[in-house]
Amino acid sequence: MNKILIIIRREYFEAVKKKSFIIMTILGPLLMAILVLTPALLVKYAKDDTTITVLDESHLFSNLNSPNDKNIHYVYSNKSLSELKNDLLSKEIKALLYIPYNSVTPGGMLYTTSSLGRGVTSNVLASMKRNLSNEILLNEFNISQDSLNIYIENQTNKIMLGQTFINKNGEESHKESYHKDVQLAIGFISGILIYIFIFMYCSMVLRNVFEEKTNRIVEIITSSVKPIQLMIGKIVGVAFIGLTQLLIWIVSLVILLGVVQVSFPTVFSNDNTNIAVTENLPDDYYQYKPANSQIAEIQDSNIMDNEFVAALANINFTQLILMFLFFFITGYFLYASLYAAIGGAVDNNADTQQFMLPITLPLLLAFIVSQYIAENPGGSIAFWFSIIPLTSPIAMLIRLPFGIEAVQSWEIILSCSLMLIGCMVAVWIAAKIYRTGILMYGKKITYKDLWKWIKYNQ
Amino acid sequence: MNIIEAHNISKNYGNFTALDNVSISVKKGHILGLLGPNGAGKTTLIRIMNHIIAPDKGEVFFSGEKLTQKHVYQIGYLPEERGLYKKMKVGEQAIYLARLKGIHRNEAIKRLRFWFDKFAITPWWNRKVEELSKGMQQKVQFIVTVIHEPAFYIFDEPFSGFDPINVNLLKNEILDLKKQGASIIFSTHNMASVEELCDDIVLINKAEKILEGNIKTIKNQFKENLFQVQFQSANPVDLAGLLTENFDIQSIENNEDEYTALIKIQANTQNDLLNALIPHVNIKSFQEIFPSMNDIFISQVNKINLKNN
């Protein structure tokens, strides 16, 4: 036991002291943020601004500029059509939107000398439609589009679909479908966390085992400790490295959120923005609402908040956290020992790939079908994926937040038991492959060899 | 009294037989040379005696007890395939390896300081292993092999990768360990070092032991009554004319008036040879030529291989 501790200590401190660890710990979240934000920023800034000169003889489209479409600017002109066409030819203007007076149907013509880029025509049409509907609303109903939207939204938000679950005893329990989003989010986040953790740190285990073998230090070490002690020591050591990194990220995230909240208090308080919008509503907004609508609306927002809290409260967090930790640890151990076995068996990096694929596949598969599992957490795909040890760490965590209707207690117990057995089998197999593999040099290893090593009794 | 005894060890890897019913023992305070061509099973046998792998059949006894994991702290093992963590600092790495041998950190530092001074590598304590020359890395490896002061050592090809100066240094260290009472298994292809260091030898070929015993006994056993005579004579010498047909002249060379001859004789007739020569030439030296371990090794291995084919 003492030997394993010494190995864990070395594994941990050597890695934590490395520059690459410090850089990765700092850059990891940054890279992640860049990865997420870049596409969004690209979409936002990649479009060139287009200025369209408008000649509106119908006087129906006086406000084509919209805050939603910042890439297209409309400039109104009083020049004649022929003058503007000349401007277009002399490149003084880039595009001309001519809207003639027409008593039957309003419409326009877009004059350009070259292509304006994707989506400009449809954006212009959308702007015209919006402009026209605003005109109609204001002139004929005396209400602005924005006010109408807010009103419609507030009214339609009250629509809610209830769901009643009847269990075998005929007892009914209510849960609003709104819960599903919260459950989904929690399930996915825990599933993805486990997926990332297993991949990142199991490949670290593989690298370290492989390094030890190619460095030829492994025989010196195995003359003092048993191979399985060395293997377990490495796996646990890397687990601590991972937990350290995770802890640093969580703590810095909490600090970052704290700083943001202190600096920009409004970002996090939805209530304030709602009230601000309500206060800025024009007087005519309330004409279209029932007399007691204001009270109803206030209640409405309270219900929403309460519902969110209720959805959270509905999830058994003690169970979820315990299960998360259980699958987090056992999942890591299961995969890490298999990765360690590969690292110990192969002699060069190129050989690693062929053995990586079959043990990476189940995890990947679980990740891919997670959508189906979330859609039907009580279904047979969900059941089987959450029972089989290789996929259960992800599948079970996606099912768990949906509660007792989706996962029966016996399923959880079965899944956990199989996971423990799977874990022990994996460590046992890995230890057999590892102890033979690490002392085997200069031989190309096949699956047949691995099978033979498992059968050797030592 | 034997420090370690391996009885009837067999080990198979699938269809491949690595060791077939091999028994060896090392006497306390002796150096045993474990010889054999590549792939003979030496490393497998060494790993079994180190408790790294287990035999399919047979048992190993250490100081009379059945070998278990606790005995590995009384064994110092320098494997043939040896290396160090390249990115780790030398001193820290040595401490780590010493602690795995069950030595407390402070004690490990104390002993390491002594050895690092002795081998003049103290300035490298805080450097990374990859900055060291191969010879220096080998010194570090030797130090961590002896750091726990075991009673029994296994050196597998200890001189490979050493320059001649370091080979001598290491040879003297090994002889020092012997002087202090340690028992040693010494596995090598280098026959000259076997004759220089070993008391006993075991020769393994194709998973089987084919020869064992005290090195002097074996040499006597394989001696061919071959004598080397060096003499001086002013006149040309017709050696064949001087000797009877009981003496078989293998070779004769001369450098001006100095002659060197190899003569094979009947057992215990060396005095007759001298008597025959003394009246005619001036004897400068006269000695029996024993077969070298290299010759014995090659002839024995070839004999077995021929028999099998």
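Predicted model: local features only at pLDDT ≥ 70, side-chain atom pairs only at ≥ 80, totals over all residues.
Colleague: What volume does the largest cavity have, and what lines it?
Modeller: Let's take the lining before the volume. From chain A come Ile220(A), Ser223(A) and Ser224(A), while Tyr77(B), Leu97(B), Lys101(B), Val144(B) and Thr145(B) also line the largest cavity. As for its volume, that's about 60 Å³.

Colleague: And the largest pocket: what is its volume, and which residues are closest to its centre?
Modeller: This pocket has a volume of about 1,100 Å³. Its lining takes in 29 residues, and the closest to the centre are Leu193(A), Leu246(A), Trp249(A), Ile250(A) and Leu253(A).

Colleague: Which helices of chain A each supply at least two residues of that lining?
Modeller: To make this list, an element has to give the largest pocket at least two lining residues. In chain A, those are α2 (19-46), α6, α8 (227-263) and α11 (317-345).

Colleague: Which helix holds Arg207(A)?
Modeller: You'll meet Arg207(A) in a positive surface patch, together with Lys18(A), Lys19(A), Lys89(B) and Lys128(B). Within chain A, Arg207(A) falls in residues 179-214, and that's helix α6.

How values were computed: Residues numbered from 1 in each chain as written. Chains lettered and ligands numbered in written order. Heavy atoms only, no water. Patch = residues over 30% accessible without salt bridge, like charges linked within 9 Å, V, L, I, M, F, W, Y side chains within 5 Å. Areas by Shrake-Rupley, 256 points an atom, 1.4 Å probe, with all protein chains shown as cover. Salt bridge = Lys/Arg side-chain N within 4 Å of Asp/Glu carboxyl O. Lys, Arg positive; Asp, Glu negative; His and termini not counted. Charge placed at Lys NZ, Arg CZ, Asp CG, Glu CD. Helix = DSSP H or I, 4+ residues; strand = E, 2+ residues; numbered from the N terminus. 1 Å grid on protein atoms, 1.4 Å probe; cavity = no way out; pocket = protein on both sides within 12 Å on 5 of 7 lines; lining within 4 Å. Points joined across faces, edges and corners; volume = space filled by probe spheres on them.
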